[in-house]
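Colleague: I have the file open and would like to know how its descriptions were reached. Could you go through the terms with me as we come to them?

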Amino acid sequence: MQLGEFEYLMLTAVARLGDGAYGVAIRQEIEDATGRPCSLGALYTTIDRLETKGLIRTSMGDPTPQRGGRPKRMVRITPKGTQAASEFYSAVMRVSRGVAWSTK
Amino acid sequence: MTRIGCWVVSHLTRLLDESEREIVRGDLAECQTPTGRALREVLGLVLRRQAAPWCAVEPWLALLTLVIPIGFLLSHASRSWAEGAADEILLYGRLWDFSYLANPGWRADLISVAARMAAAWLALIGWSWTSGFALARLSRPTVWLTVTMLCVVVVMATWGTNTIAHLHRHHGPSLQHHVTFAVFPRLLRMFLVVLPVVWGAWWGARCRALRVVPAVIGVLLLASVAVVASRGLENSMSFGRGVLPADKGPDGFVVSADDPRPLWFLSLVMMWPAAYILVEATRERGTRRASGA
């Protein structure tokens with residue numbers, strides 16, 4: 001399964017957050033990791049795309065008071081998603097072997 | 001977020017699906033996003049959602065084969081027929097006398113004018129409705145954008161072309177002249193084109209394909225009024241655009257039976273949404289039978 005850079009970042013964030021993976025948390029995780037802002041548009045269109053590919057599953061979470069009683073969109077990584085992220089990571093590791101920045 | 005910002009963001013999120021709308025509003029509330037950023041974020045998401053269906057071929061097919069050509073023809077036909085009708089109504093209104101009805105020649109003329117007008121108006125309604133319906137069936141996610149585009153083309157395509165009002169300008173700027181040649185054609189275009197397009201699109205977006213029998217009957221009825229209205233459609237292009245000066249034909253008179261008709265195919269162009277609806281109805285019946293078998 002072919003993955004883009006942002007798709008990989010999202011799968012990694014979802015895997016790291018586990019049961020607490022939802023829109024705001026994933027976004028925060030990506031922004032902290034990359035130091036770049038992550039827009040709502042990029043976030044939710046990528047979530048849709050990954051779900052279509054079968055790499056994640058989403059469900060509606062419970063509403064909370066700090067969200068004004070509105071629900072969350074909870075995200076979970078699927079076995080297929082784990083495999084795709086793992087393959088992407090291996091490819092990055094292989095292609096980076098021996099280059100100047102990988103030995104820092 | 002300021003109260004105005006909150007109001008704008010809340011209205012902007014209405015362009016999203018209902019489930020996504022609540023999630024996005026919840027995310028913004030949880031992060032206490034400032035107004036400016038919230039507006040940018042929601043606008044970005046809305047634009048991405050609206051743009052996504054355009055990655056498919058159907059909306060482009062609708063735009064290139066329906067919105068532009070049919071909008072252009074509907075624009076010319078509706079304006080020309082509305083002005084023609086205004087001219088006839090004005091003439092009959094000025095000269096009207098019930099004694100005319102006793103005269104067979106006048107009576108035949110009146111019936112012929114009324115029949116031509118009715119056929120033209122019915123054809124406009126039919127072509128517009130089928131166009132709206134076909135737009136909805138071709139690409140449901142983009143239907144309201146393509147319908148808006150069609151209405152814009154209908155209004156704008158005759159911009160700067162010849163009009164009867166222009167020919168009658170020596171009559172002076174009277175109120176009657178303005179109502180007859182400016183207000184009436186716009187009203188007619190609204191009721192015979194824009195509203196049927198919206199109605200057809202609404203219908204097409206809500207229901208499944210039409211049943212075969214009503215579709216066949218509808219297409220046959222539309223084809224019969226289109227035959228009567230076809231010459232008027234061709235003349236509307238020749239006159240409005242001024243691209244094809246009237247050819248008198250062997251008898252030396254314009255608008256007579258022997259005039260050549262180089263634009264004869266325009267009626268067929270106008271019938272393609274109806275043909276599409278018919279094909280879809282037939283295909284749907286095949287699918288229903290296959291699933292029932």
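Modeller: Along its sequence, chain A runs α-α-α-β-β-α. This is a predicted model, in which local features need pLDDT of at least 70 and side-chain atom pairs count only at pLDDT 80 or more, while totals for chains, interfaces and linings use all residues. Residues are numbered from 1 along each chain as its sequence is written, and chains are lettered from A and ligands numbered from 1 in the order in which they are written.

Colleague: What makes up the secondary structure of chain A?

Modeller: Chain A has four helices and two strands. The C-alpha trace of chain A spans about 50 × 30 × 20 Å along its principal axes.

Colleague: What makes strands β1 and β2 of chain A a pair?

Modeller: DSSP must find at least two bridges between two strands for them to pair. Strand β1 (residues 56-60) of chain A and β2(A) have five bridges, in the antiparallel sense. In that pairing Thr58(A) stands opposite Val75(A) of β2(A). Strand β2 (residues 73-77) of chain A has Arg73(A), Val75(A) and Ile77(A) on its covered face, and Met74(A) and Arg76(A) on the uncovered one.

Colleague: Why is Ala134(B) called buried?

Modeller: A residue is buried with 20 or more other C-beta atoms within 10 Å of its own, exposed with 12 or fewer, and partly exposed in between, the C-beta atoms being placed from the backbone. Ala134(B) has 24 such atoms, so it is buried. The residue sits in helix α5 (residues 104-138) of chain B. Beyond its neighbours within four places in sequence, Ala134(B) is in contact with Leu66(B), Pro273(B), Tyr276(B) and Ile277(B); contact means that the two C-beta atoms, placed from the backbone, lie within 7 Å.

Colleague: What makes Leu12(B) partly exposed?

Modeller: Leu12(B) has 18 C-beta neighbours inside 10 Å and therefore counts as partly exposed. Its place is in helix α1 (residues 3-12) of chain B. Neighbours within four places aside, Leu12(B) is in contact with Val42(B), Leu43(B) and Val46(B). The C-alpha atoms of Leu12(B) and Leu39(B), 27 residues apart along the chain, are separated by 8.3 Å.

Colleague: Why does Gln32(B) count as exposed?

Modeller: Gln32(B) has 9 C-beta neighbours inside 10 Å, so it counts as exposed. Gln32(B) lies in the loop between α2 and α3 of chain B, and its phi is near 50°, a positive value in a residue other than glycine. Most residues other than glycine have a negative phi.

Colleague: And why is Ser99(B) exposed?

Modeller: Ser99(B) has 8 other C-beta atoms within 10 Å, and is therefore exposed. Ser99(B) is in the loop between α4 (58-95) and α5 of chain B. From Ser99(B) to Val227(B), 128 residues apart in sequence, the C-alpha distance is 33 Å.

Colleague: Where do the two domains of chain B lie in its numbering?

Modeller: Domain 1 covers 3-52 and domain 2 covers 56-292, with bounds from an automatic or database domain assignment. Their C-alpha centres lie 41 Å apart.

Colleague: How many residues does each chain give to the contact between chains?

Modeller: Chain B gives 15 residues and chain A gives 14 residues. On the chain B side, α2 (18-31) and α3 are the elements that give two or more residues. The largest share, ten residues, comes from α2(B). That side of chain B divides into six nonpolar, two polar and seven charged residues. Here Ala, Val, Leu, Ile, Met, Phe, Trp, Tyr, Cys and Pro count as nonpolar, Asp, Glu, Lys and Arg as charged, and the others, Gly among them, as polar.
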